[in-house]
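Student: I would like to learn how to read a model like this one, feature by feature. Where do we start?
Tutor: With the structure itself.

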Amino acid sequence: MKLQISLLIIVISMLFTSCGLSTGNGTEQKEEEISVLRYDKLLGEYVRSNSFSAMQKLTMDYRMPTKILIEDVLAIGTVKDDTISQRLQKFYSDTTLVRLMGDVEAKFPNLDEVEKGLTKGFKKLKKEVPDTKVPFIYSQVSAFNESIILVDSLLGISLDKYMGEDYPLYKRFYYDYQCRSMRPERIVPDCFAFYLLSRYGMNYHEGTCLVDLMMHSGKINYVVQSLLGYNNIGEAMGYSKEENAWCKENEQAIWDYICSNDHLNARDPMVFRYYMKPAPAVEMLGSQAPALIGTWVGARIVASYMKKHKDMKLKDLLEFTDYHTMLSESNYLAS
């Protein structure tokens, strides 16, 4: 039910309208403009006031986000525990978390740009995939746990994981390469990547090999690029201009490297990790290739396939999982 952050499916190891809306059991978001419930602010009010009425509001008016936060994200007990109110208060009264919650409110006085991006993307997704169920979306402070939470019809955004790569508190807990993806502009693409992964998950089986992983992850990122209108797949994945330029310049050499080492059909987890795991960089071609290079190549293969199958809809692409056929029919980098 819970999805960990990581924009891939790797190595066998891999919303809410107005604040007055009761989230009860969770239902579909309204068709119009998407509005993100500022649950993080409601939680902040409770931590500051420590009042019974504030806790009652969290557990009754917003019981599902509260249950998910307490039981799944923080894992500090259950909402039915007699002492859960005191435990929640104590947890967020930690000095670091008090600062974090204040910093989140200052960094995100509103979520206008996030809401615009979500509205744009889901509007196009519903057009392409009519049975799309738009989740209720809310924001929270997860104490540096999961970035995006997907449970049933709810999608939670942990704003504390998107404070910007230079945010001082990150230096205590993360490597520099991890901080690079913890930027506000990554919120919307992350939401769609994980939403799509929750609906179109990887079907692991005994014969799963690298090309399956590359193309499934690449397909998800290709669709995110299409939904949000990114100029190229590197931009959709969060690559810098320099990283994207390196990939484009060396695309043929990267592909030759994969093929000459017989990695396409490899089932070795170490090979999976090399191409698919977030990391500072990948040693390749005597240089530093960007991490997740397998996803980038997979998306490029999917793009090549779609150019030759112009009638294929995104819905059909998302449901299509015969990646060996897709590869052979893509004529990827064929002269």
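**Reading the model, feature by feature**

Tutor: Asp152 is exposed, because its relative accessible area is 62% and the cut-off for exposed is over 50%. Keep in mind that this is a predicted model.

Student: Where does Asp152 lie?

Tutor: In the loop between β2 and β3. Look at its backbone too. Asp152 is not a glycine, yet its phi is positive, about 55 degrees.

Student: What is the phi of Phe144?

Tutor: Near 65 degrees, a positive value in a residue other than glycine. Phe144 sits in the loop between β1 and β2, and β2 spans 148-151.

Student: Is Phe144 buried or exposed?

Tutor: Phe144 counts as buried, because its relative accessibility is 14% and buried means under 20%. Asp152, at 62%, is exposed.

Student: Now strands. How do I read the directions of side chains?

Tutor: In a regular strand, side chains alternate between the two faces of the sheet. Take β1, residues 136-140. Phe136, Tyr138 and Gln140 point one way, while Ile137 and Ser139 point the other way.

Student: How many residues of β1 are buried?

Tutor: Five of its five, so by the under 20% cut-off the strand is mostly covered.

Student: Which strand is joined to β1 by five bridges, and how do the two run?

Tutor: The partner is β3, residues 154-158, and the two run parallel. For a landmark, find Gln140: Ser158 in β3 stands opposite.

Student: Which residues does Gln288 contact, leaving aside neighbours within four places in sequence?

Tutor: Trp246, Ala281, Val282 and Glu283. Follow the one to Trp246. Gln288 and Trp246 are 42 residues apart along the chain, and their C-alpha atoms are separated by 9.2 Å.

Student: Why does Glu251 count as buried?

Tutor: Because its relative accessible area is 6%, and the cut-off is under 20%. Glu251 is in helix α13, residues 251-260. Not counting residues up to four places away in sequence, Glu251 touches Trp296, Arg300, Tyr332 and Leu333.

Student: Pockets next. What should I ask about the second largest pocket?

Tutor: Ask about its volume, its lining and the elements that supply the lining. The space in the second largest pocket is about 230 Å³. Its lining has 14 residues, and Tyr222, Gln225, Arg300, Ala303 and Lys307 lie nearest the centre. Arg300 is also one of the residues that Glu251 touches.

Student: Which helices each supply at least two residues of that lining?

Tutor: α10 (210-228), α12 (241-249) and α15 (293-308). With six residues, α15 gives the most.

Student: Last, the whole chain. How is it divided?

Tutor: Into domain 1, residues 39-198, and domain 2, residues 204-330. Their contact takes 19 residues from domain 1 and 22 residues from domain 2. The C-alpha centres of the two domains lie 29 Å apart.

Terms used
Residues are numbered from 1 along each chain as its sequence is written. This is a predicted model: local features need pLDDT of at least 70, side-chain atom pairs count only at pLDDT 80 or more; totals for chains, interfaces and linings use all residues. Side-chain values use heavy atoms; hydrogens and water are left out. On a 1 Å grid over the protein atoms alone, a cavity is a set of points where a 1.4 Å probe fits but cannot get out, and a pocket is an open set with protein on both sides within 12 Å along at least five of seven lines; lining residues have an atom within 4 Å of a point. Grid points are joined across faces, edges and corners, and a volume is the space filled by probe spheres set on the points. Helices (H or I, at least four residues) and strands (E, at least two) are DSSP runs, numbered from the N terminus. Buried means under 20% relative accessible area, exposed over 50%, partly exposed in between (1.4 Å probe, protein chains only). Two strands pair if DSSP finds at least two bridges between them. Domain bounds come from an automatic or database domain assignment. Contact means heavy atoms within 4.5 Å.
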